[in-house]
Amino acid sequence: MADGEYRPATLDEVRRLRAELNLQKKKLVFTNGCFDLLHAGHVRYLKQARALGDALVVAVNSDASVRALKGPTRPIQSQNDRAEILSALRSVDKVIVFDDQRVTKLIEDIRPHIYAKGGDYTIESLNEEEHEALEFVRADIKILPLVQGRSTTATVNRLLGNTAPEKEIVVASPPGGLRLGVLGSGKGSNFAAIISAIKRGELNAAVAVTISDVQNSGVMKLAESAGVPAVFVDPGPEPNKLAKPAQKEICDHLKKHHVDVVVLAGFMRVLKSPVLSTFKDRIVNVHPSLLPKFKGLDAPQQAIDEGEIESGCTVHLVNEELDGGRILEQATVPIHIRDTAEKLHERIKEQEHKLLPKVLNEWRERGLPVWSEGKK
Ligand code: GRF
């Protein structure tokens with residue numbers, strides 16, 4: 001190492017700091033992130049995190065880990081540069097670089113007293129493995145308010161000369177891009193992955209409308225905060241089914257918003273006509289198994305029960321047959337010994353979040369039909 005060259009902290013150094021603080025009955029705060037382009041939002045967030053305890057350790061995703069999370073155009077700055085910049089802040093005591101996409105292992109190794117996370121998360125939306133590890137080491141979880149209007153993506157867009165606010169990037173029709181109608185019932189992590197891919201410029205599309213059969217579902221909340229029209233449609237009295245008026249209402253909303261492709265992102269009810277006939281071969285679903293295996297509900301549990309050594313996810317076209325339409329693309333995920341359905345599903349979702357935006361972006365190249373070229 002050349003003189004004066006910066007070097008991130010080692011795990012041993014961080015553990016020593018934790019032990020010293022413990023002896024003095026002081027608290028170590030831990031947080032993590034990519035910190036690709038440091039902006040005022042980060043600075044304020046880290047200051048608040050530091051104020052929760054007596055020392056702040058920041059874990060920075062390695063270059064490979066940022067690439068896996070944010071796509072091939074990131075990171076902008078190398079892991080060492082990102083770590084060095086962070087370490088110069090008064091609020092930051094130590095910076096450590098980690099290679100995984102999750103900080104589960106680091107949480108177990110460091111055993112922080114307090115774990116801080118930005119306000120785009122809730123305690124419920126924390127990654128399940130990380131959450132378990134935090135509970136195991138009895139860390140106090142603190143969600144800090146998000147600093148509005150500051151983000152690396154917004155900064156990158158400004159640098160590229162794209163001055164439109166982020167919300168407009170998500171809802172405005174890009175030239176040659178698809179207009180998506182997203183249907184979801186749950187948490188909306190696939191919806192969030194679509195929005196991020198659009199913002200990163202990896203998916204040439206706009207979300208024209210989001211429709212949910214569940215009032216206040218995660219997907220509805222995400223849509224509202226992204227500025228996407230979010231519509232609740234009353235599904236009718238029967239579980240997993242959509243009553244006739246609901247089928248028609250959904251179709252009307254999709255038509256009204258000139259949707260090219262309908263995306264079922266965790267939509268838990270069966271679509272029929274007029275949606276199926278109006279959007280024939282233009283509806284995709286993401287399913288958490290390697291279809292044709294394990295159709296229907298609880299697919300990860302079905303794969304475990306069958307003693308499979310791998311499962312995965314499938315993006316496929318939707319027809320009358322449940323999870324039976326043409327397969328567009330799949331990604332595999334290994335099943336570990338003693339896996340639970342929840343843990344396996346979580347890992348499958350990580351693949352879904354990459355696969356679904358990729359398939360959508362390839363839509364035109366694949367020659368799949370769309371509503372109309374330039375008729376928006
Ligand atoms: C995903 O696993 C998808 O495969 C299935 O429902 C789940 C939706 O998750 N169809 P989310 O709401 O996108 O987080």
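**Strands and their partners**

Student: How many bridges join β10 to β11?
Tutor: Strands β10 (residues 283–287) and β11 (residues 310–317) are antiparallel and joined by 4 bridges. Two strands count as paired if DSSP finds at least two bridges between them. Strands are DSSP runs of E with at least two residues, helices are runs of H or I with at least four, and numbering starts at the N terminus. One example of a bridge links Val 284 to Leu 317 in β11.

Before going on, note that this is a predicted model, in which local features need pLDDT of at least 70 and side-chain atom pairs count only at pLDDT 80 or more, while totals for chains, interfaces and linings use all residues. Residues are numbered from 1 along each chain as its sequence is written, and side-chain values use heavy atoms, leaving out hydrogens and water.

Student: What is the strand order in the open sheet of 7 strands?
Tutor: The order is β8-β7-β6-β9-β10-β11-β12, and the pairing is mixed. At the edges stand β8 (230–232) and β12 (327–334), each with a single partner strand, so one side of each has no neighbour in the sheet.

Student: Which strands does helix α10 touch?
Tutor: Contact means heavy atoms within 4.5 Å. Helix α10 (residues 218–226) packs on the sheet and touches β6, β7 and β8. Angles are taken between N-to-C directions, from 0 to 180 degrees, with axes fitted to C-alpha atoms, for helices over the stretch in contact. The direction of α10 makes about 150 degrees with that of β8.

Student: Which residues of α11 are buried?
Tutor: Buried means under 20% relative accessible area, exposed over 50%, and partly exposed in between, using a 1.4 Å probe and protein chains only. In α11 (residues 244–256), the buried ones are Ala 246, Gln 247, Ile 250, Cys 251, His 253 and Leu 254.

Student: Why do the buried residues line one face of the helix?
Tutor: An α-helix has 3.6 residues a turn, so residues three or four places apart point the same way. Down the axis of α11, the buried residues fall within an arc of 160 degrees, so they line one face; the arc is that of the directions from the helix axis to the C-beta atoms. Their cover includes β6, β7, β8, β9 and α12 (275–278). On the other side, Lys 244, Pro 245 and Lys 256 are exposed.

Student: How is the sheet of 5 strands paired?
Tutor: This open sheet is parallel, in the order β3-β2-β1-β4-β5. Its edge strands, β3 (94–98) and β5 (140–144), each pair on one side only.

Note on methods: The expected span of a helix is 1.5 Å times one less than its number of residues.
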